[in-house]
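Please take the sequence and the three-dimensional view below together, and keep both at hand while reading.

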There are 2 protein chains.
Amino acid sequence: MITLDPIGVVRSPYTDKAQIPKGPGAQHDAEGTLDIRPDLEAGLTDIEGFSHLYVIWIFDRAEGCDLLSTPPNDDRPHGVFATRAPRRPNPLGLTVVRLLRRDGPRLHVRGLDMLDGTPIVDIKPYLTSVPAEELRRGWLAEAENRAR
Amino acid sequence: MITLDPIGVVRSPYTDKAQIPKGPGAQHDAEGTLDIRPDLEAGLTDIEGFSHLYVIWIFDRAEGCDLLSTPPNDDRPHGVFATRAPRRPNPLGLTVVRLLRRDGPRLHVRGLDMLDGTPIVDIKPYLTSVPAEELRRGWLAEAENRAR
């Protein structure tokens, strides 16, 4: 067991889940800020050199857990660990954002898919990508093909 | 505040931090397993279709937190959120692994950089990569250039 204490909060244009783009081809171009606690600002030193960041956050408005569920972009159920569904054993979210600029403890970013007010628990630099030719996307690729 | 309960444990060849490759050009080809709790096995349904997974885990053998530290692959300090250092405000680790195969609740993977026995708190499918031409890697690229 481990207890997490938020390091900051997401300021995003989304105040309701229904506003967040979902399904095949959903684009996440939303801009906003990651407002980090001022007492942790030193931890952001040199982050400006990275174009993309991982943000680990809490699905604070999800309750409970479904081991199997049908995502909005498919018509059949999949295991929770094969989806990004919010109702997970540990309600952690993970998003890759593009870092636009930093103002002190505030990071301006693009690519948010979290609700306004979402608690952030960690930020890490995005260092390497899986080459496109090595990537297989399972049920999601199949669902996208069916939707075409 | 949120409390996490591990969903499983990493079985890796590394029993000591010194065995884990670090520094410029470090390759993470280690194979091992992610042993998920049998009561959560249904959550792995359809995961076999994905070539790569995100694993979120706990640095269970790290204590305390340094907002600034000098990583093994550089000779100058950086903010903790611009590094993957273990001593973080919330001791969460994130690793991309290649999924080799599944045996029930056990995932055979390549690319581990965790110690044997590390607690796992979440697994998610790796869905998209940042295009190489858009990726900037900050102090890490500079440190690698200096090391050449």
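Setting aside its neighbours within four places in sequence, Gly93(B) touches Lys124(A), Val55(B), Ile56(B), Trp57(B) and Phe59(B), where contact means heavy atoms within 4.5 Å. This is a predicted model, in which local features need pLDDT of at least 70, side-chain atom pairs count only at pLDDT 80 or more, and totals for chains, interfaces and linings use all residues. Residues are numbered from 1 along each chain as its sequence is written, chains are lettered from A and ligands numbered from 1 in the order in which they are written, and side-chain values use heavy atoms, with hydrogens and water left out.

Gly93(B) belongs to strand β7 of chain B; helices (H or I, at least four residues) and strands (E, at least two) are DSSP runs, numbered from the N terminus. With a relative accessible area of 1%, Gly93(B) is buried, a word that stands for under 20% relative accessible area, while exposed stands for over 50% and partly exposed for what lies in between (1.4 Å probe, protein chains only). From C-alpha to C-alpha, Gly93(B) is 16 Å from Asp16(B), a residue 77 positions apart from it in sequence.

Val97(B) is also found in strand β7 of chain B, and this residue counts as buried because its relative accessibility is 0%. Leaving aside neighbours within four places in sequence, the contacts of Val97(B) include Ser51(B), His52(B), Leu53(B) and Val55(B), and also Val109(B), Arg110(B), Gly111(B) and Leu112(B).

The strand β7(B), residues 92-103, is joined by five bridges to β8(B), and the two run antiparallel; strands are taken to pair if DSSP finds at least two bridges between them. Within this pairing, Arg102(B) has Leu107(B) in β8(B) as its bridge partner. The two strands form a hairpin with two residues between them, and in the turn Gly104(B) has a positive phi of about 60 degrees.

Strand β8 of chain B, residues 106-112, is mostly covered, with five of its seven residues buried. Strand β3 of chain B, residues 30-36, is joined to β8(B) by six bridges, again in an antiparallel arrangement, and here Ala30(B) stands opposite Leu112(B).

What do the buried residues of helix α1 of chain B pack against? They pack against β6 (78-79) of chain B, and the buried residues of this helix, which covers residues 138-147, are Gly138(B), Trp139(B), Leu140(B), Ala143(B) and Glu144(B). As a general point, an α-helix has 3.6 residues a turn, so residues three or four places apart point the same way. In chain A, the buried residues of α1 are Gly138(A), Trp139(A), Leu140(A), Ala143(A) and Glu144(A), and the buried residues of α1(A) pack against β6 (78-79) of chain A.

Turning to chain A as a whole, one helix and nine strands are present, and along the sequence they follow the pattern β-β-β-β-β-β-β-β-β-α. Along its principal axes the C-alpha trace of chain A spans about 45 × 35 × 30 Å, and of its 148 residues 50% count as buried. Among the contacts in chain A with a separation of 6 or more, 77% are accounted for by residues 24 or more positions apart.
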